[in-house]
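Colleague: Please take a close look at one part of this model for me. I want the helix packing, residue by residue, with cut-offs stated.

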Amino acid sequence: MKTVHILSFNDRTVDMIFYLNHSLTFNKSLASSILVYLNSRLTIDDHVNYILSIITSRLYLLSQLRNHGLSMSSLNCVFHALIISRIEYALPAISGFLSAACKARLDAVLRKARRWGLTDLSLTLDDLIDRSDRLLFDSLQSPEHCLNHLLPPIRSATSRYHLRSRGHPFSLPV
């Protein structure tokens with residue numbers, strides 16, 4: 001039996017035990033790594049709860065700024081800095097683990113901010129996920145990116161078929 005120790009930023013140690021059958025069990029109910037929370041069932045629900053607790057307090061802050069006369073363009077800037085940046089943190093990595101209930105809760109917060117007049121941006125979580133995935137893929141295509149070598153080769157420009165255009169120039173394996 002092997003034991004692996006993971007040190008998180010708040011100096012707590014979480015013991016993860018690997019058995020020979022490659023199953024993983026946690027000694028603690030909540031493991032945090034770089035502020036992305038996973039519970040013992042490896043779901044992101046605890047991370048969404050953490051994000052929502054932060055966002056609700058920031059919505060109150062934004063409402064106070066609006067009440068003191070901050071313009072809508074400035075509110076949009078602060079909204080993006082305080083709310084959208086928190087939702088987008090690690091979104092390409094965790095978007096596949098989000099349940100429909102978690103997505104609905106995050107969408108409800110975005111709708112509430114618009115309803116309260118804290119922003120005039122009409123964003124949904126799916127828009128944020130698509131944008132973050134697109135930004136990640138675009139940055140991967142840069143030759144200087146450390147993961148660029150994992151992409152498939154670029155397809156040749158000559159083709160005897162007239163196919164619809166793709167969103168990328170790579171040849172996909174058959």
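Modeller: H2 and H5 pack at an angle of about 70°, and their axes are 10 Å apart. Axes here are lines fitted to C-alpha atoms, for helices over the stretch in contact, and angles run from 0 to 180 degrees between N-to-C directions. H2 and H5 are therefore roughly perpendicular to each other. The classes are: under 35 degrees roughly parallel, over 145 roughly antiparallel, 65 to 115 roughly perpendicular, and the rest oblique. From H2, the contact uses His 80, Ile 84, Ile 87 and Glu 88. From H5, it uses Leu 125, Leu 128 and Arg 131. Contact means heavy atoms within 4.5 Å. By class, the H2 contact with H5 has four nonpolar, one polar and two charged residues. Ala, Val, Leu, Ile, Met, Phe, Trp, Tyr, Cys and Pro count as nonpolar; Asp, Glu, Lys and Arg count as charged; the others, Gly among them, are polar.

Two notes on the source. This is a predicted model, in which local features need pLDDT of at least 70 and side-chain atom pairs count only at pLDDT 80 or more, while totals for chains, interfaces and linings use all residues. Residues are numbered from 1 along each chain as its sequence is written, and side-chain values use heavy atoms, with hydrogens and water left out.

Now H5 itself. It covers residues 125–140. At 1.5 Å a residue, its 16 residues should span 22 Å, and the end C-alpha atoms are 22 Å apart, which agrees. The expected span is 1.5 Å times one less than the number of residues. Helices (H or I, at least four residues) and strands (E, at least two) are DSSP runs, numbered from the N terminus. The buried residues of H5 are Leu 125, Leu 128, Ile 129, Ser 132 and Leu 140. They cover an arc of only 105° around the axis, which puts them on the same side of H5. That arc is the one of the directions from the helix axis to the C-beta atoms. An α-helix has 3.6 residues a turn, so residues three or four places apart point the same way. Buried means under 20% relative accessible area, exposed over 50%, and partly exposed in between (1.4 Å probe, protein chains only).

What covers that buried set? The cover includes helix H2 (72–88), helix H3 (91–94) and helix H4 (100–115).

H4 is the next partner. H4 and H5 pack at about 105°, with axes 9 Å apart. H4 and H5 are therefore roughly perpendicular to each other. H4 brings Lys 103, Leu 106, Asp 107 and Leu 110. H5 brings Leu 125, Asp 126, Leu 128 and Ile 129. The contact of H4 with H5 divides into five nonpolar, no polar and three charged residues.

The loop between H4 and H5 holds Asp 120. At 41% relative accessibility, Asp 120 counts as partly exposed. Leaving aside neighbours within four places in sequence, Asp 120 contacts Met 72, Asn 76 and Arg 114. Asp 120 and Asn 76 are 44 residues apart in sequence and 7.1 Å apart in space, C-alpha to C-alpha.

H4 also meets H1 (residues 45–67); their axes come within 10 Å and cross at roughly 10°. H1 and H4 are therefore roughly parallel to each other. On the H1 side are Asp 45, Val 48, Asn 49, Ile 51, Leu 52, Ile 55 and Leu 59. On the H4 side are Cys 102, Arg 105, Leu 106, Val 109, Lys 112 and Ala 113. By class, this contact has nine nonpolar, one polar and three charged residues.

Arg 105 sits in H4. At 37% relative accessibility, Arg 105 counts as partly exposed. Neighbours within four places aside, Arg 105 touches Val 48, Asn 49 and Leu 52. The C-alpha atoms of Arg 105 and Asn 49 are 9.3 Å apart, across 56 residues of chain.

The buried residues of H1 include Val 48, Ile 51, Leu 52, Ile 55 and Leu 59.

One backbone detail remains. Ala 90 lies in the loop between H2 and H3. Ala 90 has a positive phi of about 60° although it is not a glycine.
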